[in-house]
Amino acid sequence: MQVLQLIERGLSNKRIAEQLTISPKTVDHHVSAVLGKLDAVSRGEATATARDSGLL
């Protein structure tokens, strides 16, 4: 959920990594997981789907 919220704020993977004090590669994996769970092909689609379903 933290990664999804930061994606919604428009942060890059590098900035998300800095915010969460994790590696950018770990963020890559989390973003991929978020996109997969929301059946989205882009960050924008993922946030739109999350908003529509009440997650955000």
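Predicted model: local features only at pLDDT ≥ 70, side-chain atom pairs only at ≥ 80, totals over all residues.
Residues are numbered from 1 along each chain as its sequence is written, and side-chain values rest on heavy atoms, with hydrogens and water left out.

The protein chain contains four helices and zero strands, where helices (H or I, at least four residues) and strands (E, at least two) are DSSP runs numbered from the N terminus. Read from the N terminus, the order of elements is α-α-α-α. The radius of gyration of the protein chain is 10 Å, close to the 10 Å given by the globule rule for 56 residues, so the chain is as compact as a globular protein of that length; this radius is taken over C-alpha atoms, and the rule is 2.2 Å times the number of residues to the power 0.38. The C-alpha trace spans about 30 × 20 × 15 Å along its principal axes. Of the contacts with a separation of 6 or more, 42% are accounted for by residues 24 or more positions apart, a contact being heavy atoms within 4.5 Å. The chain exposes about 3700 Å², of which carbon and sulfur atoms supply 51%, with accessible areas computed by the Shrake-Rupley method with a 1.4 Å probe and, for residues, only the protein chains shown counted as cover.

Buried residues make up 30% of the 56 residues, the classes of relative accessible area being buried (under 20%), exposed (over 50%) and partly exposed in between, with a 1.4 Å probe and protein chains only. In helix α2 (residues 13–20), the buried residues are N13, I16 and A17. They cover an arc of only 100 degrees around the axis, which puts them on the same side of α2; the arc is that of the directions from the helix axis to the C-beta atoms. The cover over the buried residues of α2 includes α1, α3 (24–37) and α4. Within this set, N13 has a relative accessible area of 18% and, residues up to four places away in sequence not being counted, touches V27, D28, V31 and R43. Just after α2, T21 takes a positive phi of about 50 degrees.

A46, in helix α4 (residues 43–52), is buried at 0% relative accessibility. Leaving aside neighbours within four places in sequence, A46 is in contact with L4, V34, L35, L38 and A40. The C-alpha atoms of A46 and L20, which are 26 residues apart along the chain, are separated by 20 Å. A40 lies in the loop between α3 and α4 and counts as buried at 10% relative accessibility; with residues up to four places away in sequence not counted, A40 touches L35, E45 and A46. From A40 to L55, 15 residues apart in sequence, the C-alpha to C-alpha distance is 14 Å.

M1, in the segment before α1 (2–8), is exposed, with a relative accessible area of 54%.
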